[in-house]
Amino acid sequence: MPYRAPSEPLGAPTLHLPVVDQDAAAVDVRGLAQALSRHVHGEVRFDAGSRALYSTDASNYRQVPIGVVLPSCEEDVVATFDACRRFGAPVLARGGGTSLAGQCCNVAVVLDFSKYMNRLLELDPGRRLARVQPGLVLDDLRDAGEKYHLTFGPDPSTHNRCTLGGMLGNNSCGVHAQMAGKTSRNTEELDVLTYDGTRLRVGRTDDDELAAIIRAGGRRGQIYAGLSALRDRYAGLIRQRFPNIPRRVSGYGLDELLPENHFQVARALVGTEATCVTILEATVELIHSPPYRVLALLGFADVFVAAEHVPAVLEGEPIALEGLDDRLMDHMRRKGLHPETIALLPEGAGWLMVEFGGETRDEADARAHALVERLRKGGGVVGAKVFDRKEVEGSLWKIREAGLGATARVPGERDTCPGWEDSAVAPDDLAAYLRDLRKLFDDYGYQAALYGHFGQGCVHCRVSFDLLTTPGIRRFREFLGEAARLVTSYGGSLSGEHGDGQARGELLSIMFGDELVEAFREFKAIWDPDGKMNPGKVVDPRPLDADLRLGPSWSPKLPALHMRLDEDESMPRAATRCVGVGLCRKERSGTMCPSYMVTREEMHSTRGRAHLLFEAVTGDTIRDGMHSEHVKEALDLCLACKACKAECPVNVDMATYKAEFLAHYFEAHRRPLAAYAFGFIDVWSRLASRAPRLANFMLHARGLGRLAKAIVGIAPARSMPRYASETFRAWFRRREPPAGDGPRVLLWPDTFHDHFHPEVAIAAVRALEAIGYRVDIPPPGLCCGRPLYDFGFLDVARRRLLRIIDAMRPDIQAGVPLVGIEPSCTAVFRDEMPNMLSDDQDARRLRAQTKTLAEFVSGGPLDVELPRLGRDAVVHGHCHHKAVLGFEADRRLLDRLGLEFEVLDSGCCGMAGAFGFESDHYEVSLKAGERVLLPAVRRAAEETLVVADGFSCRTQIEQTTGRRPLHLAQLLEMSLCSRGPSE
């Protein structure tokens, strides 16, 4: 159907400021908190920091909750409802907090199931069913099912951190809903709790059972009688107005109550966004998971031509069919996301990702190649590739999964927001709808990349809405009215999987008409007559331009900065960088976020910390800004690993934010002794080098050592590193340099390898000289100040860097390369220094001239054949090495050394400089190491080499496993100098 512009806009803008619901404002919060604390065995949090932490999700909205409960069991949920009912408090059950329509923030008591109620209760492979708690992460269920070649079909891009409760709340879909359908279609039964305390197990209901339930009376009979009457009254209208498309998620699932759908009450409740009931347990269906997958990539002239070919592709019965446009790829390139993977795309400016499954690889391959051949004959395809290696396919799917983050905070582009990110039409109408949608964007001057689940007609995008000014919000509101009419004109849905929440609740009458909106209202009233379940969402919603997180009234505090925050010119700007996608809540792979992986606490995720920083600069909930104890508590377990800067799709740089915050915080608070003991380790080490035996005695003698640890706050179980009898600098001064006039290179003698492990620096010198370089070192008394950042000593750190620039200026301007062997110190020259000295040209030159040992050996002016070691090795990469410096050069060099090696996906070792030594952090430090790294080292055969370049990493390994890891420099020395590593 052609699109016609509406005759009138969606009403005038409301421009509501965030307000507390009148009913919620009347709640006796102190009494409620006390009642919950008496009866809930889990955690009850009504402090300002916890409330601020849960005030937003991944949407445009912000509403500060009354309090937060982390229930440990079903009885806790019942007790929470009992207390809330007595005090008249609304309730909101929350999943992973990645909702894009505002359904996960409300002025209510928020229940977070993800920390405790996260178990897979039962898996029945024979019946293909699983019983789950609402906080279970989807990938945990999928991994358990794969043992039987079963899976839960719907799999959003957040599959490694989204919870089943959140999926049931939103009726999530994802890539493989192509073969499985929406979450509602994969739900058998639900165990639910209503606000009035009624607990029900609901599912499919035949006519006899329905009649028996109604005859039995009581609250259950009343609910079922109401549902039956509602169905009978609206059945004709439901059949007439509900879009018959794969991705109708908007509205309530009243169609599930129809006789042809067997009065499936559980499925009718899926997608109600916690506005009707809270789910205590779910029985979900599993489907066969094809053991072999093959991915075909098809390139087209543009995304519209790609969409035109969707119906033809669907004839091949793929198990996944996704679309991407050229703007998305451009955004990824600008942000440096997955560059090597993007290079695998075939020619084109619009692409389809088509996955086929099979019982054998040949079967899946044959389906993929048959599709490519058929489409090539039909014309329109400008490029095609087929991939059947699992690791390559996994990398390619990460491009699609990164879509939301890739389209946020793109350099050189206006900021983008959700709001119209989830519309859906029939696949046959997709191409025409996309062309009209693009025209609508152009008419309003909006920019948006287009991608999504094209096989089911679902379109994702973030749009460059202006939500900071009154005129911008007026145009936002007008646009949404036109966009709703556009998708409705195609018989489509406002939402294809993200739900309505507050973003689209106000638009439902455009899609369904007023009568069905009234039916939704009646459906909610049957379950929640008091209107206390997630009020103001979907039914009787607050206006779509109310409760905006930013808006024209946002007036944040602007603290003066010590550091440049990359592209962000202020702390408020940096604090809004997080878009809530929640990748920092993953638990199994990568490094981000080690403290969340250990604690499962929102406060200790990168997202949680970013949200608290936002609240601190906003200033209405957390009122003491950059001196806030709440923010300090959240940052306390940040290991400053920098993984978020690399792994977060919007490059939230929490290590830098932490250093900046602490610089302000300690203007008003006294630093602990540990800050001086560890922050100025270079000073104490230079003093200790005059009498290393005495220093070691004082640190390790039973009585003195214990007293020193107690005074400074060091964990009793930790052993302090021993000072070497001779520093590296002393060895370097007394050595006899080899003859030769090779290219000159500077080796950075960091404090750790100068004073504690000089054998590593010595090995680096010998290896570089064996290659043919003339090795020199910078003048004495210089330190990059790496530990200073962890305690907010930014003024001191700046002075250290300026001293380095002054002392090394001739070599810097001569272009002499600087090689670092301690990753955290090398990263200072590539990360902190440019942020601290952003206008210093010599600082920029030094940044470019600073190389890791692997980078320099592989890319320096001299090359040499490396004798092969022929050994097995397990390799752990330092966090800063992976996040800032890059680890690919090390992989290539390890390969050249003839090692059969595995680079562990071990995340952070947990030591993180001073962090793992401090008493308050010791337990978290060990748990971080025990996730992957330490067990892998213990499993390694005695003859297997353990490789770790970071001083902290080697210390953690030595103190917990007894193994002594080697540095890459020592491997090079073994190869080039025909000797074992230096001692």
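Visitor: What share of the contacts with a separation of 6 or more comes from residues 24 or more positions apart?
Guide: In this predicted model, such residues account for 76% of those contacts in the chain.

Visitor: OK, and how many helices and strands are there?
Guide: The chain has 46 helices and 23 strands. Its radius of gyration is 30 Å, close to the 30 Å the globule rule gives for 983 residues, so the chain is as compact as a globular protein of that length.

Visitor: How much of the chain counts as buried?
Guide: That's 64% of the 983 residues.

Visitor: Switching to rings, how many aromatic pairs are there?
Guide: The count comes to 31. In one of them, Phe465 and Phe476 have ring centres 4.9 Å apart and planes at 70 degrees; over 60 counts as edge-to-face, so this pair is edge-to-face.

Visitor: Where do Phe465 and Phe476 lie?
Guide: Phe465 is in the loop between strand S16 and helix H19, and Phe476 is in helix H19, so the pair ties together parts 11 residues apart in sequence. Phe465 is buried at 5% relative accessible area, and Phe476 is buried at 1%.

Visitor: What about Trp554 and Phe614, stacked or edge-to-face?
Guide: Stacked, because their planes are at 15 degrees, with the centres 5.5 Å apart. Trp554 sits in the loop between helices H21 and H22, and Phe614 in helix H24, 60 residues apart.

Visitor: Are those two buried or exposed?
Guide: Trp554 is partly exposed at 21%, while Phe614 is buried at 1%.

Visitor: Which residues do ring pairs link into a cluster?
Guide: Phe242, Tyr252, Phe512, Phe520, Phe523 and Trp527.

Methods. Residues are numbered from 1 along each chain as its sequence is written. This is a predicted model: local features need pLDDT of at least 70, side-chain atom pairs count only at pLDDT 80 or more; totals for chains, interfaces and linings use all residues. Side-chain values use heavy atoms; hydrogens and water are left out. Helices (H or I, at least four residues) and strands (E, at least two) are DSSP runs, numbered from the N terminus. The radius of gyration is taken over C-alpha atoms; the globule rule is 2.2 Å times the number of residues to the power 0.38. Buried means under 20% relative accessible area, exposed over 50%, partly exposed in between (1.4 Å probe, protein chains only). Contact means heavy atoms within 4.5 Å. Rings of Phe, Tyr and Trp (its six-membered ring) pair if their centres lie within 6.5 Å; planes under 30 degrees apart count as stacked, over 60 as edge-to-face and the rest as tilted.
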